[in-house]
Amino acid sequence: MSTDPHTPTGLIAILRGLSPQEAPAIGAALHEAGIHRLEVPLNSPDPFASIELLSQQLGEDCRVGAGTVVTVADVDRVHEAGGQMVVAPNTDPAVITRAVELGMEPMPGVATATDVFAALQAGATALKIFPAPVVGIGGMRAWSAVVPAGTQFLPVGGIDADTLGPWLEAGAQGAGIGSQLYAPGSTPHQVRQVATALVGVWQEHRP
């Protein structure tokens, strides 16, 4: 998959609570629906095993990585498991720098203009707006006016099929969708249905 900063990142499935036993079926359902970026938060059961399974199963068709990555040591472990993305709730230049060194895609969390520019300085180009309802679309628009061309903003938190469209219309290059898409116990059929609806909104409003 392209990591060209001018190519919109698109939708990221946040699979918090995913177990290795569920991973293959949930991964297949998301892939079939058209969501090709999968994030397994590190506070899930045995997350590195799930990342390895999904990476092996989905290959180059999908980009698999970890969420809630807050230490450099965890960046290394994600890389060893075959992960290609490092998503964080915060902006830590050391985590971003290490991900870039390993050829991975860092997506640090930003909540202020200071976070935005610290993340960019460390080498990130795709920034996770978190929590999205607090920053708001107005905040993203204000940041967009002052950041370098190619910077991508990805809202996370409270994003579903109803709220996704306005963010995309305002210039977001993708979004992370969590419990609205997957929660422990969700069936592959349920995940596929929700994912299909989200992909429909993405295709309608794609930047």
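## Helix packing exercises

The crossing of α1 and α8 is right-handed. This comes from a predicted model.

**Exercise 1.** Which term describes how α1 and α8 lie to each other: roughly parallel or oblique?

*Solution.* 
- Start with the axes. Those of α1 and helix α8 (residues 188-205) cross at roughly 25 degrees and come within 8 Å.
- Apply the cut-off. Angles under 35 degrees count as roughly parallel.
- Conclude. α1 and α8 are therefore roughly parallel to each other.
- List the partners. α1 brings Ala25, Ile26, Ala29, Leu30, Glu32 and Ala33, and α8 brings Pro188, Val191, Arg192, Ala195, Thr196 and Val199.
- Sort them by class. This contact of α1 with α8 has nine nonpolar, one polar and two charged residues.

**Exercise 2.** Describe the packing of α1 and α2 by angle and distance.

*Solution.* 
- Take the angle. Helix α1 (residues 23-33) packs at about 45 degrees to helix α2 (residues 47-58).
- Take the distance. The two axes are 9 Å apart.
- Name the arrangement. α1 and α2 are therefore oblique to each other.
- α1 passes α2 in a right-handed crossing.
- Find the residues. Ala23, Pro24, Gly27, Ala28 and His31 of α1 make the contact with Ser50, Leu54, Gln57 and Leu58 of α2.
- Sort by class. The contact of α1 with α2 has five nonpolar, four polar and no charged residues.

**Exercise 3.** Why do the buried residues of α4 line one face of the helix?

*Solution.* 
- Pick them out. In helix α4 (residues 93-101), Val95, Ile96 and Ala99 are the buried residues.
- Look down the axis of α4. Its buried residues fall within an arc of 100 degrees, so they line one face of the helix.
- Check the cover. It includes α3 (72-80), β4 (85-87), β5 (105-107) and α5 (113-122).

How values were computed
Residues are numbered from 1 along each chain as its sequence is written. This is a predicted model: local features need pLDDT of at least 70, side-chain atom pairs count only at pLDDT 80 or more; totals for chains, interfaces and linings use all residues. Side-chain values use heavy atoms; hydrogens and water are left out. Axes are lines fitted to C-alpha atoms, for helices over the stretch in contact, and angles run from 0 to 180 degrees between N-to-C directions. Helices (H or I, at least four residues) and strands (E, at least two) are DSSP runs, numbered from the N terminus. Angles under 35 degrees count as roughly parallel, over 145 as roughly antiparallel, 65 to 115 as roughly perpendicular and the rest as oblique. A crossing is left-handed if the near helix is turned anticlockwise from the far one by less than a right angle, and right-handed if clockwise. Contact means heavy atoms within 4.5 Å. Ala, Val, Leu, Ile, Met, Phe, Trp, Tyr, Cys and Pro count as nonpolar, Asp, Glu, Lys and Arg as charged, and the others, Gly among them, as polar. Buried means under 20% relative accessible area, exposed over 50%, partly exposed in between (1.4 Å probe, protein chains only). The arc is that of the directions from the helix axis to the C-beta atoms.
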